[in-house]
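Here's a walk through a protein chain, from its overall build down to a few single residues. Keep the structure open and follow along.

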Amino acid sequence: MTSADHAESTLELRRDGLLLSARHFGAADAPLVMLLHGFPDTPHSWDGVIPLLVDAGFQVLTPWLRGYTLDSAARTARYDLIAVADDIAAWHRALGGPPTHLVGHDWGAFAAMIQAKRQPRQWLSLTLLAIPPFGGGFAPAAARHLPRQTLMSSYIPLMQSAASPHLLTRDNAAFVRRLWHRWSPDWDFTDTDFAPTARVFTHHGTAWAATRYYRSLFTVHRAPTRRFHRLLLASPAALPTLALSGQHDGCMSPALQRILAERAGTLAAQIPGTGHFLHAEDPTATAAHLIPHLHAHSR
């Protein structure tokens with residue numbers, strides 16, 4: 001591959017009165033890998049993985065979640081995972097509908113999972129990072145891990161509070177920095193690593209939009225919320241799926257991730273010495289699992 005293959009271009013997409021943006025790398029005639037980020041994060045967490053994918057023969061699109069840029073943060077817009085799944089489909093159409101692999105982390109994994117269940121024939125494969133495959137019934141072995149997972153998820157009620165944007169933005173996003181430390185305890189990330197996320201979570205507008213995703217989980221009077229829960233509980237998508245987890249994930253129990261992946265019959269692997277942000281912590285090890293999965297299911 002040449003340095004031109006690694007060159008970044010910025011793409012824009014207008015939807016729902018918002019201007020969405022994404023970063024694109026690689027040759028336009030290569031199979032597409034869509035890398036979807038989560039909370040509290042940005043597409044830059046994929047920076048170590050992107051050149052490895054391009055060198056392996058893929059083009060890469062890394063969209064910003066709606067609300068994580070100033071042009072996509074609006075009080076009148078929807079911030080829920082059905083809207084993000086629709087954005088995924090819109091990006092795919094905008095690029096001409098090439099053969100595409102979905103790869104998501106955290107919220108991005110949920111959105112990819114939802115879109116894969118809605119349109120499984122449209123995608124080549126699905127990869128979930130730090131989030132296991134959901135749906136298809138209850139896994140009894142998961143029950144003993146639920147109390148600990150409830151404790152690990154204790155930040156969620158805070159994100160639904162009206163005070164959450166202030167909590168996220170104060171002291172140069174110190175709360176978000178603490179989440180990174182707690183969720184990836186082995187990662188000695190730098191100020192440079194954190195800087196893109198700090199820019200999102202020191203602005204009240206984008207911080208507010210990011211918290212709306214949590215509010216939307218429980219607004220059962222809204223049709224998109226009901227649709228999300230219905231799809232989440234539906235059987236896993238009938239397409240090749242890989243689930244990757246960090247050995248020391250402090251946000252989503254690694255044991256619970258393993259049990260749910262086994263319950264779904266999903267290929268799964270754990271990255272040693274990493275936590276919730278496994279792809280940023282060890283992009284080489286992440287790509288070592290991801291690239292063979294993508295090659296095996298490309299056409």
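A quick word on terms: buried means under 20% relative accessible area, exposed means over 50%, and partly exposed is what falls in between, using a 1.4 Å probe and protein chains only. This is a predicted model, so local features need pLDDT of at least 70 and side-chain atom pairs count only at pLDDT 80 or more, while totals for chains, interfaces and linings use all residues. Residues are numbered from 1 along each chain as its sequence is written, and side-chain values use heavy atoms, with hydrogens and water left out.

Let's start with the whole chain. It has twelve helices and eight strands, taken as DSSP runs (H or I of at least four residues for helices, E of at least two for strands) and numbered from the N terminus. Of its 299 residues, 58% count as buried.

Now go to helix 9, residues 223-233, where Pro224, Thr225, Phe228, Leu231 and Leu232 are buried. They sit on the same side of helix 9 because they cover an arc of only 130° around the axis, the arc being that of the directions from the helix axis to the C-beta atoms. On the face turned away from that buried side you'll find the exposed residues Arg230 and Leu233. The buried residues pack against helix 2 (81-94), helix 3 (107-118) and helix 8, where contact means heavy atoms within 4.5 Å.

Helix 8 (residues 204-216) is also the place of Arg212. Arg212 is buried yet has no salt bridge, and the nearest side chain of opposite charge, Asp80, is 11 Å away. Here a salt bridge is a side-chain nitrogen of Lys or Arg within 4 Å of a carboxyl oxygen of Asp or Glu; Lys and Arg count as positive, Asp and Glu as negative, and His and the chain ends are not counted. Leaving out residues up to four places away in sequence, Arg212 touches Tyr79 and Ser161.

Another buried side chain to look at is Trp180, with a relative accessible area of 2%, in helix 6 (residues 164-183). Not counting residues up to four places away in sequence, its contacts include Pro40, Trp187, Phe194 and Phe277.
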